Amino acid sequence: MEKSLCMLPAVLFLGLLTHGAAALINTPAPTKSYALINYTTTRPTLNWTEAVTAKGESRDRTTPATAEPDIFTTTVRDKQLDTTDTSKERNKKEKDPRDRKTEDDKSKLDCPPLGLESLRVDDSQIQASSYQRSGLGPHRGRLNIQSGIEDGDLYDGAWCAEYKDRHQWLEVDALHLTLFTGVILQGRNSIWSWDWVETYKVQLSNDSITWHTSMNGTQEALFEGNQNPETPVLGLLPVPTVARFIRINPQTWYSNGTVCLRAEILGCRVHDPSDIYSAHESGSKDALDFRHHNYKEMRKLMKSVTEECPDITRVYTIGRSYMGLKLYVMEISDNPGKHELGEPEFRYVAGMHGNEALGRELVLNLMQYMCKEYKKGNQRIVRLVTETRIHLLPSMNPDGYEEAYVKGSELSGWAEGRYSFEGIDLNHNFPDLNNIMWDTQEKAADKSKVPNHYIPIPEYYTKEDATVAPETRAVISWMQDIPFVLSANLHGGELVVTYPFDCTRDWAPQEDTPTADNAFFRWLASVYASTNLVMANPDRRICHYEEFQSYNNIINGGAWHTVPGSMNDFSYLHTNCFEVTVELSCDKFPHVSELPIEWENNKESLLVYMEQVHRGIKGVVRDKLTKKGIADAIIKVEDHDHDIRSAADGDYWRLLNPGEYKVIVWAVGYFPSMRRCNVGMEPNPTICDFILTKTPIQRLKEIRAKGEKIPQDLQLRLRALRLRKLRASTKAINRRREGQRMRKARSSQAWKA
């Protein structure tokens, strides 16, 4: 279906140019009409398929209508935009004719966005009749663009015309011939102002000099706009028209506001060999299923991957959403279903905010890609699969995603589906362990005695009436069941990688709040950001109002904005797992046509980030006598005020940057052990095993518990230990008595004096 609309007008258009005359465009049943604007050396003319006349419009002024026409009502608020299936494999499958007809009927207007929201349209391609100031210029008239906190800065939330009249317009240059099919409109994003356009006209041109208004029969089409600032509204052109330039011409607006709008334009590119801007559309060579998957389609895809690669994949669930949808996880490992001694556990979590859909699709792409490349013998993927146990959770908030999916990529707005069904922001729903730790440190006489890891969940959080989403409970349980080492939380709406702490001290709205592992977290964030093709582009435009390139596209979470109860902070303080947040794109819910490009932008980043789980040191903590692994042994790195613990089998992983470290390990009932471990530059862990010896008292307790006879060597060691304790206590008593005698003597001398 990719070529069904775009190629037909292209062929017909070129045919008309060849014959130098206007002609009617005929399409197969069901009949659909298109309008065509021809390039000529004289005044351009519109060739309509219906007997209508279009009035020329000046570039400087828009001629107001002499009579108020009826509002054109092919405006859609709640309809999902049909998307094109770009999967190479799915295109090869033969479809049932009845299904094909249904799909054709659905896809009549299946043209993608030009890319105002995704920034594919450059600022230089957008012009306006006027604007109030630079911060409200035409470059700000992009769908879903967000404003800064302060009105009046350079980054406001819309294009706003300087004058409140019907002569204002926002113009977009598509750079090449385009079959325009619709406009999506939105009001101004602002905390302080309410502004939106209620009705508008659409004008088209080939040269940006002579303009023709979109017609609805014999009248100029008047499109219904917005009734609030945030809900996107789709207006479909009565007759899809081929042109290069398009204008949005507001006619009425909110009575207490002004002429302000954000927009997206829908259109299919028309092939023209003479177009100097014509270039091959970038995409992906990987044969993956590039489309948006709802819950059922996601399940089918995950099942198909396990059927294709049954030896290295397993699908399991960690719980259910509020509406009963299962939270599915794909495991990729050479021994799925089992934790292997010494093999680190890695996870990607996507879809925490349901409307941030790109992460969900990238995770689904990743599982397909790893399966296919493993079968091909790609050594990089084979090494990852055999040396790492990988867990992929594509949708933490399936209820929210389904809500956003119904509206579609352009009509779900900025927040539709963000929250869980109960209205909970899952990234603020984890226990706030930061303030528990900081408060305890402030009250403690000796801060070194305050736990810096494995901080327990507070009692209030465990109660039945606590505001804890079932999705959050499921993920917490998952974290406690599996000894994860490294993770990333995939979000959308910006282009930056953030690292803990997300929560600031003393509830400051913004404050750099580093962890004890700040250097390694910065490395992790830099690894992803520096290999992401968009983030690494020095010429890229900022998404909304924050410029992250001066920080190399990484930032401490608290320095950006405080997030109490984040998953990143909880993961670091309650488990051994290091986690960052990746904001993948300016567009939270990219159109399906953008998915192959986004995969290429992120593919290397996703792979190289997983490989970082093998940095630092790892080993097994064992009992000297039994040689069995010791669980919950504490691994402390000198000068790093954050400890970790060994897993159930005694294995551990401590992420560290290159250098030499003094590592101390101890466990309850054992003497501590210390050794120096050197971490090299290579992405391979240094093996640092530890053997711990039980204390005699611990051995005695275990023997007595079993009712066994105490060995002679243990009796001798206990005798020696008790003798040392007796001598130590005797010395302490003698020192105390000597001190008492000296104090009495001094007081006696003072009394006599």
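Biologist: In this predicted model, what share of the contacts with a separation of 6 or more comes from residues 24 or more positions apart?

Modeller: Happy to start there. The protein has 15 helices and 31 strands, and 56% of its 753 residues count as buried. Among contacts with a separation of 6 or more, the share from residues 24 or more positions apart is 76%.

Biologist: Nice. Are the axes of α5 and α6 roughly parallel or roughly perpendicular?

Modeller: Helix α5 covers residues 358–376 and helix α6 residues 379–387, and their axes come within 8 Å. They cross at roughly 110°. Angles of 65 to 115 degrees fall in one class, so α5 and α6 are roughly perpendicular.

Biologist: And which residues of α6 are met by α5 there?

Modeller: By class, the contact has seven nonpolar, no polar and one charged residues. From α5 come Tyr369, Met370, Glu373 and Tyr374. In α6 they meet Ile381, Val382, Leu384 and Val385.

Biologist: On to the rings. Is the pair of Tyr401 and Tyr405 stacked or tilted?

Modeller: The structure holds 24 aromatic pairs. For this one, the ring centres are 5.7 Å apart and the planes stand at 35°. Planes under 30 degrees apart would count as stacked and over 60 as edge-to-face, so the pair of Tyr401 and Tyr405 is tilted.

Biologist: Where do Tyr401 and Tyr405 lie?

Modeller: Both are buried, Tyr401 at 1% relative accessibility and Tyr405 with a relative accessible area of 15%. They are four residues apart, about one turn of the helix. That helix is α7, residues 398–407.

Biologist: What about Phe521 and Phe578, stacked or tilted?

Modeller: This pair links distant parts of the chain, with Phe521 in helix α10 and Phe578 in strand β23, 57 residues apart. Phe521 is buried at 0% relative accessibility, and Phe578 is buried at 1%. Their ring centres are 4.9 Å apart and the planes at 20°, so the pair is stacked.

Biologist: Which residues form one aromatic cluster with Phe521 and Phe578?

Modeller: One member, Phe501, is found in the loop between β21 and α10. A cis peptide bond joins Pro500 and Phe501, with omega about 0°. Besides Phe521 and Phe578, the cluster holds Trp438, Phe501, Phe520 and Tyr572.

Biologist: Which residue lies over the face of Phe484?

Modeller: Here a charged group faces a ring, at 4.7 Å from the ring centre. The residue over Phe484 is Arg347.

Biologist: Last one, on backbone angles. Is Asp632 buried or partly exposed?

Modeller: Most residues other than glycine have a negative phi. Ser208 has a positive phi near 65°, and Asp632 has one near 60°. Ser208 sits in the loop between β9 and β10 and is buried at 13% relative accessibility. Asp632, in the loop between β24 and β25, has a relative accessible area of 43%, so Asp632 is partly exposed.

Technical notes
Residues are numbered from 1 along each chain as its sequence is written. This is a predicted model: local features need pLDDT of at least 70, side-chain atom pairs count only at pLDDT 80 or more; totals for chains, interfaces and linings use all residues. Side-chain values use heavy atoms; hydrogens and water are left out. Rings of Phe, Tyr and Trp (its six-membered ring) pair if their centres lie within 6.5 Å; planes under 30 degrees apart count as stacked, over 60 as edge-to-face and the rest as tilted. Helices (H or I, at least four residues) and strands (E, at least two) are DSSP runs, numbered from the N terminus. Buried means under 20% relative accessible area, exposed over 50%, partly exposed in between (1.4 Å probe, protein chains only). A charge sits over a ring if NZ of Lys or CZ of Arg is within 6 Å of the ring centre and within 35 degrees of the ring normal. Axes are lines fitted to C-alpha atoms, for helices over the stretch in contact, and angles run from 0 to 180 degrees between N-to-C directions. Angles under 35 degrees count as roughly parallel, over 145 as roughly antiparallel, 65 to 115 as roughly perpendicular and the rest as oblique. Contact means heavy atoms within 4.5 Å. Ala, Val, Leu, Ile, Met, Phe, Trp, Tyr, Cys and Pro count as nonpolar, Asp, Glu, Lys and Arg as charged, and the others, Gly among them, as polar.
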